[in-house]
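Student: Could you take me through one part of this model closely, namely the fold of a single chain and the partner surface that meets it?

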Amino acid sequence: MTSKYWFEIKEGLKISLNAIKSNKIRSVLTTMGIIIGIWAVVTMSTAIKGIDLAFQTGVSALGSDNLYIDKWAWFNNDVPWWKMRNRKNISMKDFKKYKSLAKLPAAVAPSILTRQAVKTKDESIDFVFVVGTTADYIHTTNLTFNQGRFLSELESQGSRNVTVLGSEIAAKLFPAGNALNNFVRIKGHKFKVVGILDKQGSWVLGNFNPDKQVFVPIGTVFKHFQKESFGSLTINVKSPNSQLVPAVTEEALGIMRKVRGLSYNEENDFAINRQDGLLSQINSTVSVIQIAGFFITGLSLFVGAIGIMNIMFVSVKERTKEIGIRKAIGAKRRTILGQFITEASFLCLLGGLGGLIFAVITSLIINKFLPTSIQYQAVLLAVLISLITGILSGLAPALTAAKMDPVEALRYE
Amino acid sequence: MNIIHIEHIAKIYQVGTEEVHALKDVSLDIEKNEYVAIMGPSGSGKSTLMNILGCLDTPTKGAYIFSGDNVSEMDDNELAAIRNKRIGFVFQTFNLLPRSNALHNVELPLIYAGLPSSERREKAKQALIDVGLGDRLTHKPNELSGGQRQRVAIARALVTNPSIILADEPTGNLDSKTGEDIMALFHELHQRGHTIILVTHEEYIAEHAARIIRLRDGLIEKDEVVNKRIIPQFQNGEE
């Protein structure tokens, strides 16, 4: 019995192919909605996957089991900003006390962020994120080096004028690739380049992207760029593993309250930040894109489905006589129903394939910004969606065809 | 044995508020290997009778027994199966699928019968050879002459080896010479044992049959045996 259905499907396909061939322009115009819909759904899922991937790799470069003790809460806004602004800065003294008391962390390092112009003889970049830190900083991250090394213990303690460049900064300042052991000027002060990072992050990380940062000993920041009392530090804390993150957080809370001299009834005047915050922020952005995308996709598929339905009604009307002939020589209702549903599905499937082709082209363009390619799940989804759209939009016209009275249909001219 | 047995059938159409009695009370029997012509002026109910005989329509009243099966109580799908396997239609306007070639047109009833493709092709080919179109298998209807198209239609009617062949004005769209050819083909099919029911309004065409049933105003006016049957001859070539 299954072989019988197979014949009918095959016959249906042959008929649809003929019908589509004889109405080429009409078919293309009709499937436009489906083409756009499928293009949107595939492109969107590809882009979202790309953002996700870019974020994952970026975060792993920054270090995934990290805490950041800061005056500011990065993501949660429970405390009003003016209250945070009025908090005492986190000072080197605070950091040193914390470091001496903390037992659990694998590594801790202070960091302070300033924005400075960085120049060579020929090149210049304004507002580079200059991170002042210590040699331990490298142990709180997973940064890898293209050339050279990170700041040494001696250099950071002695506040030597040495620097490590992020990959994009190095590429811009030294197009010839001869950065190592060369010199840059940061706010007019000469710094020797001791290391260049590999390309790490991605633009999705924004200011956290180490590719666009420059690292110097923290002492040189206080010496050359800004007074120690002017800025507040971030204390980078690396937990030995992810299981210990809550314990490290608890410990940090206790120590920091002590360091900051808070009594039991005072609120924390610092925040312990995690990258999860960044994740949830990106996720919320992604979900907005997703909702908008699904809305657009749904709308264009809906319009597409109406187009297909319309053209199928026309097709049924045009082929009334043919339906009559087929019925007269023994086509059952189910067969006619199947024929027109097959035709609608086939039309939609072609539209879906068209959309996929456009999506592949688009993904090649997206690939320039995000590390991604078309997901096979997306392809499967596209095919499935276009099939379902075809079946749904073909249903009503096919039913009209199936219910036709053979006598009337044969008489139709 | 009777292939067709109809008993007091009537067909009433509702046109607006009016009832139209297309068939009032018709009873008749047709035996295997009969060659019957149904005649009548327009409005006599002959088309309605043909539709009922061809299982395209069911009577409002009365019983229609088609080789033992009560057709008047069948649903759409059962009727479709009967049309597919036991009735071969030949129409005045040929009613071929315009975009399909001769072979595929003849194959169509076999597709609906669910035959495997190789068997289908073989049977369709043979049917076309039988009607003298062995060299026109891949021609589309618009590449064939009127007579050839009607032969394709006859091949399509024959391919399922039906119990009856129902021909509705088969020569109506053909010139007389070609029409004669088609009638010769029917004669040959009758000789080979087929049961043929011919619907026509032309006396001359009807006289090819062995029996003429004359309808008027939805009733059988006369059911007679043809004394001087016309035995058609194949004309050499066409057009």
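Tutor: The secondary structure of chain B comprises seven helices and ten strands, where helices (H or I, at least four residues) and strands (E, at least two) are DSSP runs numbered from the N terminus. This is a predicted model, in which local features need pLDDT of at least 70 and side-chain atom pairs count only at pLDDT 80 or more, while totals for chains, interfaces and linings use all residues. Residues are numbered from 1 along each chain as its sequence is written, and chains are lettered from A and ligands numbered from 1 in the order in which they are written.

The C-alpha atoms of chain B fill a box of roughly 50 × 40 × 40 Å along the principal axes. Its radius of gyration, taken over C-alpha atoms, is 18 Å, which agrees with the value near 18 Å for a compact globule of 239 residues under the rule of 2.2 Å times the number of residues to the power 0.38. Of the 239 residues of chain B, 48% count as buried, that is, with 20 or more other C-beta atoms within 10 Å of their own, C-beta atoms being placed from the backbone. Among contacts in chain B (C-beta atoms within 7 Å) between residues at least 6 apart in sequence, 69% join residues at least 24 apart.

Turning to the partner, 17 residues of chain A are in contact with 20 residues of chain B. On chain A, the elements giving two or more residues to that side are helices H1 (2–22), H10 (320–328), H11 (333–366) and H13 (406–411).

Methods
Two residues are in contact if their C-beta atoms, placed from the backbone, lie within 7 Å. A residue is buried if 20 or more other C-beta atoms lie within 10 Å of its own, exposed if 12 or fewer, and partly exposed in between; C-beta atoms are placed from the backbone.
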